[in-house]
Amino acid sequence: MRDVAPVPAAGSAAVAPAAAAEPTLRELAARHGLAFGTAVDLPTLAGDAEYRAWVAAQFDTVTAENAMKWDALEPTRGRYEWGPADALVAFAQANGQRVRGHTLVWHNQNPAWLTDVPPDELGAVLKTHVQTTVRRFKGRIWQWDVVNEVFEDDGSPRDTVWLRALGPGYLADAFRWAHEADPDALLFYNDYEVEEVNAKSDGVYDLVRDLLRQGVPIHGVGLQGHLTADHAPLTMRENLGRFDALGLRTAVTEADVRMALPADPVKLQAQANVYRTALRACLVTPGCLSFTVWGYTDRYSWVPGWFEGDGAATILDENFAPKPAHRALREDLSFGGVRRRG
Ligand code: G3I
C-alpha cells in the first residue's frame with residue numbers, strides 16, 4: 001500500500017491577505033455560471049500548505065494531475081491504490097468543489113502489467129478498469145475524461161494498443177461502460193492541440209458527431225489548452241461553437257501557456273493575452289461548463305520537465321505571486337455574466 005500523506009480537508013489560512021479580500025477566481029467565474037478549476041498534484045496538496053490553501057480557496061473544480069490514471073490506481077493487476085484519488089475527492093467535498101475524473105482510456109500512463117495481457121483479453125481488462133474506477137467514485141465525479149488523445153495531429157487515428165487490439169468500436173464501448181457504471185457523470189472526450197479549427201479538431205468533431213448519431217452516451221468535449229505565449233488560439237471560439245451546436249457541453253480542461261525562458265514583461269503580456277483568448281472563447285460558449293488550468297503556479301508545473309528551455313506556463317509565479325495572466329483572467333471574469341447551459 002503506497003504511503004499516502006494525509007491531506008487536510010480544508011485549505012489553511014495561508015492565502016495571501018490581499019487575495020483573501022478580493023473575490024476569488026471561483027466567485028468571479030460563478031457570475032458566468034462557469035466552474036474554474038485546476039489540476040492538483042496529490043503529494044504537493046498534502047505537503048505544501050500554501051499550495052493547498054490556494055486550491056481550496058480559488059477553485060471550484062479539481063482534477064487529479066496523475067492520481068486517477070490507470071498506472072496510479074492499479075500498479076499491480078487486481079490491487080488498487082485508491083488512497084490519493086480518495087484524498088482528492090474528500091478534499092473536494094470538504095471545499096465545495098466538483099471533480100473532473102482524468103482519465104480512463106489513454107495510450108499513456110497505463111500500468112506496466114498491461115503489456116503482458118494477451119490482445120484477445122484486452123477488451124475485458126479495459127472494461128473492468130473503466131467500470132471498477134467509475135463505480136468507485138459513482139456520484140462523486142462531475143465530468144469524466146473517458147477517452148483521451150486518440151488522434152494524430154493530421155486527424156488520423158493514433159496507433160494505440162487499444163485500436164490495434166479492439167478496433168475503432170472500443171471508443172463507443174468505453175463511453176457505454178462508463179455510463180452504465182455512473183449514469184449521472186458527464187462523459188467527455190479530451191484532447192490537446194484541438195483548441196482551434198484544424199485537421200485534428202475536425203477529426204474530433206467527426207468522431208463525436210458519429211458517436212452521437214449512434215446514440216452513444218457522450219456528453220462533452222474537452223479542449224486541453226496546452227498553449228504557447230507566441231500564438232493565441234483565434235479560432236477557438238468558432239471551434240467551441242461547432243461542438244456546442246451539436247448539443248455537446250465543452251470544457252477547457254488543462255490550460256497552460258508556456259514560453260521560452262527567461263520570462264520577460266513582453267512574453268508575460270503575450271501569455272496573458274493567450275489565456276484571455278481561451279477564457280473568452282469559453283465564456284461566450286453557452287455549453288462551456290468549466291475552465292481548468294493544468295496547475296496554477298510555476299513552482300509545480302509539468303512544463304519545464306517536458307519542454308526543455310520552456311516554462312513559466314501558469315498564472316502565478318513560483319512564489320505564488322499573480323502574473324499578468326492572472327490579472328487578465330480576473331478582469332474578464334469581473335465583467336457581466338451570461339446564462340450558461342448546465
Ligand atoms: O510517480 C512516479 C514516481 O514514483 C517516480 O519516482 C517518478 C520518477 O520516475 O515518476 C513519477 O511518475 C511521474 C508522474 O508524472 C507523476 O509525477 C511520471 O514519470 C511522469 O511521466 C508523469 O508526467 C505526467 C504526464 O502527464 C505523463 O504523460 C505529468 O505530471 C502530467 O502533468 C501530464 O498530464 C498530461 C495529461 O494527463 C493529459 N494531457 C497532457 C498532459 C501533459 O502531458
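Guide: Thr-103 has its place in strand β3, which spans residues 98-105. The model under discussion is predicted.

Visitor: What makes the peptide bond from His-102 to Thr-103 worth a remark?

Guide: Most peptide bonds are trans. The bond from His-102 to Thr-103 is cis, with omega near -15°. A cis peptide bond also joins Leu-261 and Pro-262, where omega is about 0°. Pro-262 belongs to the loop between β8 and α12 (265-283).

Visitor: Which distances are found for Glu-65 and Glu-149?

Guide: In the side chain of Glu-65, an N or O atom is 2.5 Å from an oxygen atom of the ligand. For Glu-149, a polar side-chain atom lies 2.9 Å from a nitrogen atom of the ligand. The protein covers 52% of the 790 Å² of accessible area that the ligand has on its own.

Visitor: Which residues are closest to the ligand, and how many surround it?

Guide: The ligand is surrounded by 15 residues, and the closest are Glu-65, Lys-69, His-102, Glu-254 and Trp-294. By class, this shell holds four nonpolar, seven polar and four charged residues. The space that the ligand takes is the largest pocket.

Visitor: Why is Ala-174 called buried?

Guide: Buried means under 20% relative accessible area. Ala-174 has a value of 0%, so the term applies. Ala-174 is part of helix α9, residues 170-181. Between Ala-174 and Ile-218 there are 44 residues of separation in sequence, while their C-alpha atoms are 9.8 Å apart in space.

Visitor: What makes Val-252 count as buried?

Guide: Val-252 has 1% relative accessibility, which is under 20%, and Val-252 is therefore buried. Strand β8, residues 249-260, contains Val-252. Val-252 and Phe-291 are 39 residues apart in sequence, yet the C-alpha to C-alpha distance is 4.7 Å.

Visitor: Is Glu-193 buried, partly exposed or exposed, and how do you know?

Guide: Partly exposed lies between the buried limit of 20% and the exposed limit of 50%. The relative accessibility of Glu-193 is 37%, so Glu-193 counts as partly exposed. Glu-193 sits in the loop between β5 (186-191) and α10 (199-213).

Visitor: What makes the backbone at Glu-193 and Ala-312 worth a remark?

Guide: Most residues other than glycine have a negative phi. Glu-193, which is not a glycine, has a positive phi of about 55°. Ala-312 is not a glycine either, and has a positive phi of about 50°. The loop between β10 (310-311) and α14 (324-334) holds Ala-312. At 15% relative accessibility, under the 20% limit, Ala-312 counts as buried.

Visitor: How do you know that Gln-58 is buried, and what polar atom pair involves its side chain?

Guide: The relative accessibility of Gln-58 is 2%, which is under 20%, so Gln-58 counts as buried. A polar atom of the Gln-58 side chain lies 2.9 Å from the backbone nitrogen of Leu-25. Gln-58 itself belongs to helix α4, residues 49-58.

Conventions
Residues are numbered from 1 along each chain as its sequence is written. This is a predicted model: local features need pLDDT of at least 70, side-chain atom pairs count only at pLDDT 80 or more; totals for chains, interfaces and linings use all residues. Side-chain values use heavy atoms; hydrogens and water are left out. A residue is near a molecule or strand if one of its heavy atoms lies within 4 Å of it. A polar contact is a pair of N or O atoms within 3.5 Å; within protein, one must be able to donate a hydrogen and the other to accept it, and residues adjacent in sequence count only if both atoms are side-chain atoms. Accessible areas come from the Shrake-Rupley method with a 1.4 Å probe; for residues, only the protein chains shown count as cover. On a 1 Å grid over the protein atoms alone, a cavity is a set of points where a 1.4 Å probe fits but cannot get out, and a pocket is an open set with protein on both sides within 12 Å along at least five of seven lines; lining residues have an atom within 4 Å of a point. A molecule sits in a cavity or pocket if more than half of its atoms lie within 2 Å of its grid points. Ala, Val, Leu, Ile, Met, Phe, Trp, Tyr, Cys and Pro count as nonpolar, Asp, Glu, Lys and Arg as charged, and the others, Gly among them, as polar. Helices (H or I, at least four residues) and strands (E, at least two) are DSSP runs, numbered from the N terminus. Buried means under 20% relative accessible area, exposed over 50%, partly exposed in between (1.4 Å probe, protein chains only).
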